[in-house]
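Me: I am new to this structure. Can you show me how to read its features, step by step?

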Amino acid sequence: MAAETLGEPRDRKPSLQGSIEAFQDVVSSAVIIPKEDGVISVSDDRTIRVWLKRDSGQYWPSVYHTMPCNTCMSFNPETRRLSIGMDTGTLDLWNRAHQGKVSVVLFVLEMEWLLSTGQDKSFTWHCSESGQQLGTHRTSSWVSGLQFDVETRHAFVGDQSGQVTILKLEQDSCSLVTTFKGHTGNVTALCWDPVQRVLFSGSSDHSIIMWDIGGRKGTAIELQGHSEKIEGLCYASHTRQLISCSSDGSIVVWNMDVTRQETPEWLDSDSCQKCEQPFFWNFKQMWDSKKIGLRQHHCRKCGQAVCGKCSSKRSAIPLMGFEFEVRVCDSCYGSITEEDRAPTATFHNSKHNIVYMHYEPTTGCLLTSGTDKVIKVRKKYCLY
Ligand SMILES: [Zn+2]
Ligand SMILES: [Zn+2]
C-alpha cells in the first residue's frame, strides 16, 4: 500500500464523495459508471437517469427517460450496455418474458445472455443479440437474488422461501444441480466470487452465509454482524473484502482473508450437558431428582445444550462469524482469549435506511440508495 500522505486521517474512514437528492421517489437500483464518474439510477418514479459529476463535485442530470412502468436493471461497464426488466414482464424492448413483474435482470457478456427472474416464479434466459428466449425454469418461490458463474455456466437463484437453487445452464436447457438451505428468512441478496468460488447469501433473518463451493468440503460459514434485514452484498476481490448492508443503514466490511470456522450443530439433550440438571420436558428426571426443569440454551461455540446458569456469559467470536456478543457456556468463555475477540470486520453507518447498494471496484466507490430518496457515493471503502 502506498505511504499515507500527510494530513490524511489515520482511520481511513470512508468519505462522502457526493449525494443526489433530486428524486421524487426511492431509487430502487443504481450503478456507478467508472470512467465518467457518473451514476445511472432507476427510480420508483419510473425514471431512468444518468448523472455526471461536475468539477464542482455535484452530480448533474444528463439523460432522463421516463418508462411506462417501474423497472430493474443490469449494467455492463465494458460494453456500457444497460439491460432493463419491467413490471409488465417485459425485458428491454422485447416481447413479454414473464407473466408478472421482472424482479432481477443480469446481463452476461461472455455468453450474450440476459438472465431474468419474475414474480411469476420463473427464471428465463434470452439471447441478448436476437432477443430469442433460450430456456426457462420454474422456481419454487418469488426470486430475489440472481448470480451467474461464467466458467461453469451455473446460475444461483435465491428466493423468498430462503433457499438458493443452483442450475446448470446449457444453450437451451437447464438442470437442477442442488439447493442450499440455511436461512430462516427470505434470501434478499446474493453475491458470487468467481475467483475463490464462494457464494454469499444475505437474508431477512439478518445473517449472511458464505457457501464455500471452491473448497469442495461443503463448508458454510455464517456471518453475524447485522441486526436488520440484509439489503445488499458486494465482493471486492482485489482486497478480499465482503461489503454488506442492512435496512437500518449499517454497512459492514468483512475481511475475508481470515479463516473462519463453521458454527457447530446444536446438540440435543434432556438435561444440561454441564451441570446435568433436567430441562423442563424431562419429567422423569425432574420427579426422580425432585428438581425443577430448566430452559434449554445452546453455546454458540461448542453447540452443547446448557442451562442458563452454565451459560451466563456473552462473547463475540469473530472467527466463527459472530461479530456481536453471543451466548457461550462458561467453559468456552474461559477458553476465548482477548485476541480471539479482535473484530474481523469494520462497521459504518450510512445514515439512511438502505434499499440498494452497489460497489465499483476500479474507483473503490460505494453507492447506497435509501428510503430518504437520496443516493450517496462514498470513496475509500476497502482500502485498509
Ligand atoms: Zn447447567
Ligand atoms: Zn461451549
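Reply: Start with what counts as an element. Helices are DSSP runs of at least four residues, and strands are runs of at least two. Keep in mind that this is a predicted model.

Me: Which feature does UniProt place at residues 266–337?

Reply: The unreviewed UniProt entry gives "domain: FYVE-type" there. Residues 266–337 are 18% helix and 22% strand. The end C-alpha atoms of that span lie 23 Å apart.

Me: Where does UniProt place the feature "repeat: WD"?

Reply: The unreviewed entry puts it at residues 180–213 and 223–257. Take residues 180–213: 59% strand, 0% helix, with end C-alpha atoms 11 Å apart. Residues 223–257 have 57% strand and 0% helix. There the end C-alpha atoms lie 14 Å apart.

Me: Now sheets. How do strands of a sheet pair?

Reply: Backbone hydrogen bonds link them, in parallel or antiparallel fashion. Here is a case: an open sheet of four strands, ordered E8-E9-E10-E11, with antiparallel pairing.

Me: Which strands stand at the edges, and why is one side of each left without a neighbour?

Reply: They are E8 (102–108) and E11 (133–138). Each has a single partner strand, so one side of each has no neighbour in the sheet. From one strand to the next, the twist averages 15°.

Me: How many bridges join E8 to strand E9?

Reply: Six, and the two strands run antiparallel. Strand E9 covers residues 113–118.

Me: Which residue in E9 is the bridge partner of valine 105?

Reply: Serine 116. Find that pair in the model, then follow the strand order E8-E9-E10-E11 across the sheet.

Note on methods
Residues are numbered from 1 along each chain as its sequence is written. Chains are lettered from A and ligands numbered from 1 in the order in which they are written. This is a predicted model: local features need pLDDT of at least 70, side-chain atom pairs count only at pLDDT 80 or more; totals for chains, interfaces and linings use all residues. UniProt positions are given in the numbering used here, feature names are shortened, and annotations may be inferred rather than shown by experiment. Two strands pair if DSSP finds at least two bridges between them. Axes are lines fitted to C-alpha atoms, for helices over the stretch in contact, and angles run from 0 to 180 degrees between N-to-C directions.
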